[in-house]
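This briefing goes through one structure by topic.

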Amino acid sequence: MKYRFLPYILLLPVFTMIVVIVFIPLITTIIYSFQSYQLTNPDAQATFIGLENYTNLLQDGRFISSLITSLIYILGSVIGMLILGLLTAQIANQAFKGRSLFRASILLPWAVAPVVAAQSWKFMFETDFGVINYVLEGIGLIERNIPWLVSSDHAMLSVIITNVWKTTPLLTLIIVSGLQTVSKELYESSDIDGAGPLKKYYYITLPLIRPFIAMGLIFTTLQTINVIDIIYVMTGGGPGESTEIFTLYNYKVFFQYLDFGLGGAMAVIGVVMVGILIFFYTRSMNKQYN
Amino acid sequence: MRKKLNVWFWIGLIIIILINILPYLWTILTSLKQQNEIYNIKIFPETFFVENYVQVLFESGFLINIWNSIVVSSVTSILCIVIGVPAAYAFARLEFRMKNGLFMLVLFMTIFPGIFIISPLFSFLRDIGAIDTHFALILPYIAYFTPLVVWILTGFFRTIPSAIEEVAIMDGCSIPKLIWKIVLPLSVPGIITVGIITFTLSWNEFLFALIFTSSDNAKTVPVAISQFQGVHSLNWGQMTAAAVIATIPIVLISVFLQKYIISGLTSGAIKE
């Protein structure tokens, strides 16, 4: 039976929403990026200024440093998430008593709002009455309280830890679903060959779950960039600009400095970078099949 | 052949459980302490100090924020499902031109960062007079979360045998009626899954809520929590009490209905 228009009618509502809320604003953002458009002056008219916003950005040291900060934040988070995620997934994939309780504990950080996670960790990272310094001092690892969030040496590490805690569950669950596709027989045949568990993991498991890891990293990396909540609440980008990632700076340009032109140019660059990121991950994922 | 799990396994297991639950447990403990216990780092409160909760609930405007969150999240999840089900059905069962391209677009939408479109969206919502209303949040939430619903439900619909539907179509049943009478009843677990996930995402969303609301007319829980200290001059007892109140419903739902969430977050394995 042929339905000529029916599929499109069924899709119409969702795509109308996407067009109105995302596409049109995206095109508008691109237009802003070529304009001088500041909301600080209510009578100001948006005027076309060509590439000036872009050239201004390239000369803006704060923008460049926000890109570097983002890179450190993403790299640190990805390393942390991979270690914690692979380990957790390995455990969650075993059959043992109380596994569903274990899985429930994995979901807890996912369910907690990023803002709440940020406030909880901010409290734990407090210099004088935070529990982290209290414990580290108690077991003799440090002698003086570490000013986690108020020194630019430690703030980045603090927000990375918080982000890893909050975001790893998603990666873990995707890796677990990958582990479930690995057939048991592969392991049994290598048992006979006498391969150790680490060797087996490296040569058998990892290559097979690689596409899942790549997919999981796309989602968690984008979440890391997109969810400015954690840094916004914990440090506001500070101290100085030591934790000001690119998306947080973009937010400030839009809604604190009210410069929609410059912010638009940042957003356009952001979209391009996200595209490159996805391309990079999907390519590393596809390598496996070639 | 089941391998014996050694002692390292159990050590790893316990460490990971502790990592996952300790921060939240500490938040709960803190919310039950008096100010001096908090500043002197007493691990357990001497008595359960519920005053923090009383003050948050009855002496600050927090109940209004909870109400705003309930309205926004419920309406969003229901509308996401209403809009998402027909689209997911089309992707799962019908053949049409540009199907793959449109489906990739849906997938891409689930990860597109909101900050990049937020300023025109703000202008648009301001021009239609929606800023600082529930509508200002519901509208973008639907656009952002429905693609996820479509994605998860498409995978779910494909797992349902289509034989019944084919018979119904031969009997002259129309597609909308078919979705309503046959597909939906068979999809209750999938609907629960997307319902929980969209509710949680809307409940936790911060960026749009921060920018599109400005007063207790529409301010939701995450925004209220992020601004808590300003109003109450750094009172960690009340702050953590608010955090616990805001998260307990979501945490309980996800712990007890974990199998739905896990199936949704990993549906078809290749998806969020």
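Domain bounds, as used below, come from an automatic or database domain assignment. On that basis, the centres of domain 1 of chain A and domain 2 of chain A, taken over C-alpha atoms, are separated by 28 Å. The model is predicted.

**Domains of chain A**
- Domain 1 is made up of 23-59 + 259-290, and domain 2 covers 68-256.
- Where the two domains of chain A touch, domain 1 supplies 14 residues and domain 2 supplies 14 residues.
- The side of domain 1 of chain A that touches domain 2 of chain A consists of nine nonpolar residues, four polar residues and one charged residue.

**Fold of chain A**
- Twelve helices and two strands are found in chain A.
- Read from the N terminus on, the order of elements in chain A is α-β-β-α-α-α-α-α-α-α-α-α-α-α.
- The C-alpha trace of chain A spans about 75 × 75 × 30 Å along its principal axes.
- Of the contacts in chain A with a separation of 6 or more, 71% are between residues 24 or more positions apart.

**Burial**
- Chain A has 290 residues, and buried residues make up 44% of them.
- Helix α5 (residues 114-124) of chain A is largely enclosed by the rest of the structure, because eleven of its eleven residues are buried.
- A residue counts as buried here if 20 or more other C-beta atoms lie within 10 Å of its own.
- Among the buried residues of α5(A) are Q119(A), S120(A) and K122(A), along with W121(A) and F123(A).

**Contact between chains A and B**
- Chain A brings 75 residues to the contact, and chain B brings 74 residues.
- On the side of chain A that touches chain B, helix α1 (residues 6-32) of chain A gives the most, with 16 residues.
- By class, that side of chain A holds 57 nonpolar, 15 polar and three charged residues.

**Annotated spans**
- An unreviewed UniProt entry lists residues 7-32, 63-89, 101-121, 155-176, 208-234 and 254-281 of chain A under "transmembrane region".
- In the model, residues 101-121 of chain A are 90% helix and 0% strand, with 23 Å between the end C-alpha atoms.
- Residues 208-234 of chain A are 93% helix and 0% strand, and the end C-alpha atoms of this span lie 38 Å apart.

Note on methods
Residues numbered from 1 in each chain as written. Chains lettered and ligands numbered in written order. Predicted model: local features only at pLDDT ≥ 70, side-chain atom pairs only at ≥ 80, totals over all residues. UniProt positions renumbered as here; feature names shortened; annotations may be inferred. Helix = DSSP H or I, 4+ residues; strand = E, 2+ residues; numbered from the N terminus. Contact = placed C-beta atoms within 7 Å. Nonpolar A, V, L, I, M, F, W, Y, C, P; charged D, E, K, R; others polar. Buried ≥ 20, exposed ≤ 12 C-beta atoms within 10 Å, placed from the backbone.
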